[in-house]
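Reader: Could you walk me through this one before I set anything up? I'd like the overall picture and then some of the charged pairs.

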Amino acid sequence: MSTSHPDPRPIAAEFDRDTAITPRGEGVYDTELAAGWHVGGGLNGGYQLAVVGRALGAELGALGKPDPWSISASYLSAATPGPAQVRVRLLKDGGATAVANAELVQDGVVRLTALATHGDLARLDGEVATTAEPLRLPPLDQCVSNEHAPPQIREIAPLMDRFDMRFPADQAGCFVGAPTGRGELSAWFRLREEREPDVLSLLLAVDALPPVTFDLGRLGWAPTVQLTAHVRAVPAPGWLRLVHRTRNIAGGLFEEDAEVWDSTDRLVAQGRQLAMFPRG
């Protein structure tokens with residue numbers, strides 16, 4: 001049975017409370033988007049994707065396919081804290097996969113629309129063969145905690161308080177006007193309350209770091225235009241390691257490629273998003 005099936009125990013962790021859904025039937029789920037995931041002019045794209053992912057997991061889990069193998073979301077308008085609905089529509093169910101469309105809706109306005117392919121990761125062997133080199137970071141006690149981010153950064157991104165992140169010292173300089181210019185940010189990562197990672201939290205992790213443009217000397221909100229996540233395996237307990245990279249800026253947009261590594265050195269998720277270059 002997949003580890004991402006709904007947990008019958010009382011919801012305790014903040015992430016689970018803030019992505020909770022209530023089924024209304026016929027693929028409709030009520031939710032309450034939480035203010036703590038605010039960044040810039042809206043709610044974090046990975047948080048929104050996790051809310052949608054929980055509804056998809058509930059709907060498609062009933063078909064034996066609870067886990068997102070791939071989910072691609074287009075962000076149509078900025079989500080705000082408050083009541084919302086996720087509307088799931090099944091497009092295909094057959095063999096190992098199911099495909100569905102999902103929309104996050106507030107006050108009749110679609111905030112995002114997503115296309116998801118689901119299966120059951122527990123039926124796979126859990127191995128991830130890759131030519132990518134596992135992300136190497138300095139030991140936790142040699143990294144800089146996000147708790148030390150400047151007040152102006154924390155004001156832009158209060159969602160940073162939802163995470164425990166530890167940055168290599170040279171990369172932490174981007175917060176105080178000393179970026180490396182490489183277009184890369186990486187960190188140790190876990191949710192607050194030491195909640196262990198699972199499939200759903202990987203949808204958040206691919207968009208959890210500050211915009212990689214911080215390392216290019218441009219601070220500020222970078223609204224997500226489109227975000228695609230591929231989940232490769234159920235993560236092992238323990239800290240995750242995240243890296244986000246960019247190579248191209250064109251027309252006021254940049255791409256951000258994400259890798260998520262678990263405590264056993266497996267590449268458990270990948271993401272690519274297109275976002276707007278911060279205005280500064």
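Author: What follows goes from the overall fold to one helix, then to salt bridges and the surface. Please keep in mind that this is a predicted model.

Reader: Okay, how many helices and strands are there in the protein chain?

Author: The protein chain has five helices and 16 strands, and its C-alpha atoms fill a box of roughly 50 × 40 × 40 Å along the principal axes.

Reader: And what is the radius of gyration against that of a compact globule?

Author: For 280 residues a compact globule would come out near 19 Å, and the protein chain has 18 Å, which agrees. Buried residues account for 52% of the 280 residues.

Reader: Switching to α2, is that helix enclosed or open?

Author: Helix α2 is largely enclosed by the rest of the structure, because 13 of its 17 residues are buried. The helix covers residues 45-61, and its end C-alpha atoms are 23 Å apart, in agreement with the 24 Å that 17 residues should span at 1.5 Å a residue.

Reader: What sits at the start of α2?

Author: There, a side-chain oxygen of Asn-44 comes to within 2.9 Å of the backbone nitrogen of Gly-46.

Reader: On to charges: how many salt bridges does the structure hold?

Author: The structure holds 19 salt bridges. One of them joins the side chains of Glu-147 and Arg-192, at 3.8 Å from N to O. Glu-147 lies in the loop between β9 and α3 while Arg-192 lies in the loop between β11 and α5, so this pair ties together parts that are 45 residues apart in sequence.

Reader: Which residue does Arg-272 meet in a salt bridge?

Author: The side chain of Arg-272 meets that of Asp-257, with an N to O distance of 2.5 Å. That pair links distant parts of the chain, since Arg-272 belongs to strand β16 and Asp-257 to strand β15, 15 residues apart. Arg-272 counts as partly exposed at 43% relative accessibility, and Asp-257 is partly exposed as well, at 24%.

Reader: Which residues are linked in a network of salt bridges?

Author: Asp-16, Arg-54, Arg-195 and Asp-198 are linked in such a network.

Reader: Last topic, which residues form a nonpolar patch on the surface?

Author: Val-225, Leu-274 and Met-276 form that patch, with about 210 Å² of accessible area together. Val-225 is in strand β12, which runs over residues 224-231, and at 30% relative accessibility Val-225 counts as partly exposed.

Technical notes. Residues are numbered from 1 along each chain as its sequence is written. This is a predicted model: local features need pLDDT of at least 70, side-chain atom pairs count only at pLDDT 80 or more; totals for chains, interfaces and linings use all residues. Side-chain values use heavy atoms; hydrogens and water are left out. Patches are made of residues with over 30% relative accessible area and no salt bridge: like charges are joined within 9 Å, nonpolar side chains (Val, Leu, Ile, Met, Phe, Trp, Tyr) within 5 Å. Accessible areas come from the Shrake-Rupley method with a 1.4 Å probe; for residues, only the protein chains shown count as cover. A salt bridge is a side-chain nitrogen of Lys or Arg within 4 Å of a carboxyl oxygen of Asp or Glu. Helices (H or I, at least four residues) and strands (E, at least two) are DSSP runs, numbered from the N terminus. Buried means under 20% relative accessible area, exposed over 50%, partly exposed in between (1.4 Å probe, protein chains only). The expected span of a helix is 1.5 Å times one less than its number of residues. A polar contact is a pair of N or O atoms within 3.5 Å; within protein, one must be able to donate a hydrogen and the other to accept it, and residues adjacent in sequence count only if both atoms are side-chain atoms. The radius of gyration is taken over C-alpha atoms; the globule rule is 2.2 Å times the number of residues to the power 0.38.
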